[in-house]
Amino acid sequence: MKRRTLLASGAGAAMAAVLGAPLRAQSGKTKVGFIYVGPVGDGGWTYQHDQGRQAIEAQFGDAIETVYAENVPEGPDAERVLTQMVLGGANLIFTTSFGYMESTLNVAAKFPDVKFEHATGYMTTDNVSVYSARFYEGRAVQGHLAGNMTKSNKIGYIGSFPIPEVIRGINSAYIHAKQVNPDVEFKIVWAFTWFDPAKEADAAKVLIEQGCDVILQHTDSTAPQAAAQAAGNVYTFGQASDMAEYAPMPRISSIIDNWGPYYIERTQAVMDGSWASVSTWDGIGKGMVKIGEISDAVPAEIKASAEALRDRIAAGEYHPFTGPLNKQDGSAWLAEGETADDGTLAGLSWYVEGIEGDIPS
Amino acid sequence: MDFGSINPVLLVASLMVAATPIILAAAGELIVERAGVLNLGVEGMMITGAIVGFIVTAHTGSSWAGFGAAALGGALLSLLFALLTQFLLSNQVATGLALTLFGLGLSALLGQGYNGIKAPEFAKIDIPVLTDLPVVGPILFGHDPMVYIGIALIAAIWAFLKYSRAGLVLRAVGENHDAAHALGYHVMRIRTLAIMFGGACAGLGGAYISLVRVPQWTDGMTAGAGWIALAIVVFASWQPWRLLIGAYLFGGVTVLQLNLQAAGFAIPVEYLSMSPYIATILVLVLMNAGRAPGSLGRVFHASR
Amino acid sequence: MLTLEKRPQPSKNWTYAAPLLAVVITMIVGGFVFAALGKDPLVAIRTIFYDPLFGEFASYSRPQLLLKAGPLILIAIGLSFGFRAGIWNIGAEGQYIIGALAGAAVGLAYFPDGSRIVVFPLMILAGVAGGMIWAWIPAFLRNRFKTNEILVSLMLVYVAESIQASMALNLLRNPDGHGFPGSRNLSQIPASANLEIFANTGIHWGVFTALVAVVVSYGVLMRHRFGFDVRLAGQSPRAAIFAGVNPKRLVMTCMLISGALAGAAGMFEVSGPAGRVSIDFNVGYGFTAIIVAFLGRLHPVGILFAGILMALTYIGGELAQLSLSLPGAAIQLFQGMLLFFLLAVDVMTNFRIRFGSKE
């Protein structure tokens, strides 16, 4: 495997680009790489992906090897880190941020025998899969709980950026809150950040002060939980990770990004040689989205109905976007019994009927 | 759209809390800059204070011990800055930036294993009757002790600079270090003490975030608060009471825009979020900026 | 008692020895840190400093060094003039952003038509102009109102970041981007792509410009009247005035130079390696470049080496993360230490250490 002389001869990079794998470091083990946009200690998005990495290690033990790089900015830095990972012998690489899309595609094109898995993206090639979670399924359960639990009928929602992922979540939560509580009203604030504890705390406080007694968040820190706890009778949900340290109050449940099963499955596929490029969008059913334990602060019958909703979604009996549903402007979207197709959901950029306010654009 | 849902009393009360970490850090930096030193490492010292305070609190269970340790940690880190800029005469801008880089790395290393732990609650002051008063109750009497300490710190700095001899010396050193040296003052010693005070305050500010505002440890959790503190010192044109106004204004813009959003107003968030910085530049212009300490950022070497 | 005595001339020997000494000290202290984290310190040091240059895959990482160092060098060269003259532009990050936005806006305005011969030069001009406008503000305010340019230029970084977020979400947003923020990928549009000039060398137009800037600024600094003025103003502002230097014009010129180069760096980055305007495509080059400028002692050749050293710690640090699973935080700490030690030993260049009291 020592090919130093060849590689050192200047033209090496060009050769590596043309020849791909033969020049890479190789060992018998399957090597799985992870590239993270945040620190593994962020307690949210990156933390959960790293939990997935650890799940692989636990599953396969010495048969595999994992490597990761944290805090890698999107753009040229990511492309370089990915290339270094490939050169270092990685066979399978998970790129865990939407912004890594181009870097992933570029590096994948140069190394056709290395498999790539790009989280939350939409571009696939022969050796690039995409995967994401149907978090909106979890939002449906949250909305159901929120609509039942609110006394003020005002539910606060902390959005990060106005992108389809977040808008889907808002719509799904609203639809299911409205189902159980026709008087419910959503107050939505956009923090324009994924992670800024101070700002998230401010956002939560503002919503509480304006009368909201349930707060949903699509940002990653626990600051809103703390703000709700300080305020007293306010309910929240864990985001990305379980945030169980805030249970049973204010955190009454959570959406957990559970990447472990998927990562294990894909790693196994590479080891078997059965890996093929796929576009995966899994939800509660496959376990990619987990609903955290519904705490005792929720009355038993509400807990039971929420769990029933969860189980119906998991079993595929119910789709959270099932008609009749109208768009915010009153125009028809889904007819009675019709369910939204994935293409529409992937690019969702408007609210459903009943939500007030405009999406910043 | 509904202005009525915005409660001005709660708005003021919550921006006081939002402004506290920045007030603490900015108060320290104000003293540093009045002594003629520009330490751009506030963010690094804050985040170090945040983790040191969190670790100590997690082990002792006492928030006060945590705040004490955070102040000490911030001061120790700033001592590094003092050593470099005062004794080895390195450039303050570059050293400050290096300090931020160093602090972010150090805090993340120290914080391994402390993710996901919740800090014990830091009790609010609750004075029967007073706290329950309408309007003034929530604004004046309903906060945790650090909010009052922050304000008291501003008052103390104001009095120190205005009335004490030591404050006079500090200002003299900041205005013209050569003249101060000629008068027999120990420029390096005074500046080192000022830098350490600044580090301690930044540490307290950071710990307020990790122990009260969030309260949990996550990497990079100060998320730029140190840079805002630097901006506010300028906004305040180095006057302690204006610093308070500046911090409330900065915090206020954030809280207000969130309030407007929640009340259903479509507002251009980006433009509002840049407004405090533009206001700071305007203040600089209007103040005619002759008010910046004369020796700010300049290297002092005694043997000339 | 130790005392410092200013050298009449900066020591030639120490000028070269100090950076080496700093690197050695950093390796030793860093080695202890790595050992404390349970890693073999020798292997870690080799991975960071040796492998990117001469390791197994150095043929890949060497061009990457230039790619990473390019913008740092370009910005630092621009800053060095002002820093020498005592004019503190620390807002290069903002000028970088505005330059990138201006360049990208021009490139996108011509999409999908437009020929490269027209579009790419126009983008460069727009990038330079954008950076200059953003640097003009603190210069003008300093000249007109005596405001402190350190603070104004720093404030403008935040303003620029807000504008950037707004652009990525609104005006420059890719209409075919599935609703995600961020512009079209300029590096995939033939007319606007900042491509490699020589394949697989990492030398794109921005790196090329940076290398040219090193040479030109060396000439200007050492041979041209402007370089003389700058150095004189830095050493003695009053002497400079007596020598006929117009201080206001000097402020303006230095700020505009640094703004122009920072803006160009931003444009080259956004049209090449970064590819697109996103909410946070800036990764702090403007701030890191300040450190690079000082590490390079504000000297063009020094900046060239400092930029490459900085890039080395980034790339070597990534390798150490991958091959030794060193935490990213340890690398950040290590970089901070390297800067501290470099700044600390720098004292030897300008001062002599004396034992015993002065009197």
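Student: In this predicted model, what separates B:Trp64 and B:Phe67 in helix H3 of chain B?

Tutor: Happy to start there! Both residues sit in helix H3 of chain B, which spans residues 63–87. They are 3 residues apart, so the separation is about one helical turn.

Student: Are the rings of B:Trp64 and B:Phe67 stacked, tilted or edge-to-face?

Tutor: Let's look at the geometry. The ring centres of B:Trp64 and B:Phe67 are 6.3 Å apart, and their planes meet at 55 degrees. Stacked needs under 30 degrees and edge-to-face over 60. The pair is therefore tilted.

Student: Is B:Phe67 buried or exposed?

Tutor: The cut-off for buried is under 20% relative accessible area. B:Phe67 has 2% relative accessibility, so this residue counts as buried.

Student: How much area do chain C and chain B bury between them?

Tutor: First, the contacts: 41 residues of chain C touch 42 residues of chain B. Of the buried area, 82% is on carbon and sulfur atoms. The total that chain C and chain B bury is about 3700 Å².

Student: And how many salt bridges cross that interface of chain C and chain B?

Tutor: The rule finds 1 residue pair in polar contact across the interface of chain C and chain B. For salt bridges there, the number is 0.

Terms used:
Residues numbered from 1 in each chain as written. Chains lettered and ligands numbered in written order. Predicted model: local features only at pLDDT ≥ 70, side-chain atom pairs only at ≥ 80, totals over all residues. Heavy atoms only, no water. Contact = heavy atoms within 4.5 Å. Buried area = accessible area lost by both parts, 1.4 Å probe. Salt bridge = Lys/Arg side-chain N within 4 Å of Asp/Glu carboxyl O. Polar contact = N/O pair within 3.5 Å; in protein donor to acceptor, adjacent residues only side chain to side chain. Phe/Tyr/Trp six-rings, centres within 6.5 Å; stacked < 30°, edge-to-face > 60°. Helix = DSSP H or I, 4+ residues; strand = E, 2+ residues; numbered from the N terminus. Buried < 20%, exposed > 50% of the residue type's maximum accessible area, 1.4 Å probe, protein only.
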